[in-house]
Amino acid sequence: MDGTWVGGVSLARILAIDPGVRVVGWAVVDGGDGVLVSCGIAMCKRPVDLAMLITQLPSVSTELGDTVICEKMTIRKNDSRCVPSVLLDVQLVGAALAAMRAYPGVPEFATPMEWKGAVPKNIHQARILDNLSETERAMIDFSSPRESIKHNIIDAVGIAKWRYENGQD
């Protein structure tokens with residue numbers, strides 16, 4: 001990964017965003033070794049409250065080589081749970097947050113099929129957790145205000161780790 005190096009250590013980071021209209025999961029991994037640095041949830045009371053959400057995301061610097069990647073929503077055929085208007089709102093939030101954090105750089109996007117394939121959510125999230133260190137798993141547990149929304153953080157961690165492993169320049 002390109003970026004600024006100090007004393008042989010990369011200062012580049014990857015910020016991954018798992019978008020939502022009220023709950024956004026985020027994770028930052030070190031661009032040098034792929035270790036989870038921080039993670040959390042950004043929440044708002046009103047749907048699509050970008051001003052509230054952006055203040056809860058960590059700052060990164062694409063000028064120093066940091067990468068911002070966001071999940072790109074896709075409409076799955078024959079999935080009754082897929083509501084296109086809701087997915088468009090989610091994508092709007094994700095794209096806006098990613099663009100604001102990546103500025104002056106350009107954010108990257110990955111579809112669920114790209115970063116996790118067709119594996120069911122519960123199985124894929126278990127695989128993500130299995131591949132983390134004890135410290136990284138504790139960071140996720142500590143960062144989630146409620147068990148019911150922890151999946152947002154786990155997805156963001158999965159996206160960040162995928163970008164580290166597969167998206168290196």
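Among contacts between residues at least 6 apart in sequence, 65% join residues at least 24 apart. Contact here means heavy atoms within 4.5 Å. This is a predicted model, where local features need pLDDT of at least 70, side-chain atom pairs count only at pLDDT 80 or more, and totals for chains, interfaces and linings use all residues. Residues are numbered from 1 along each chain as its sequence is written, and side-chain values use heavy atoms, with hydrogens and water left out.

The protein has six helices and seven strands. Helices (H or I, at least four residues) and strands (E, at least two) are DSSP runs, numbered from the N terminus. Their order along the sequence is β-β-β-β-β-α-β-α-β-α-α-α-α.

Of the 169 residues, 49% count as buried. Buried means under 20% relative accessible area, with a 1.4 Å probe and protein chains only.

Two cores are listed below. A nonpolar core is a set of buried Ala, Val, Leu, Ile, Met, Phe, Trp, Tyr and Cys residues joined through side-chain atoms within 4.5 Å.

| Core | Size | Residues include |
|---|---|---|
| Largest | 22 residues | Ala27, Leu36, Cys39, Ile140, Val157 |
| Second, separate | 17 residues | Ile17, Trp26, Val68, Leu97 |

Helix α6 gives the most, with seven residues. Ala27 touches, among others, Leu36, Cys39 and Val157, not counting residues up to four places away in sequence.

Terms used: Buried means under 20% relative accessible area, exposed over 50%, partly exposed in between (1.4 Å probe, protein chains only).
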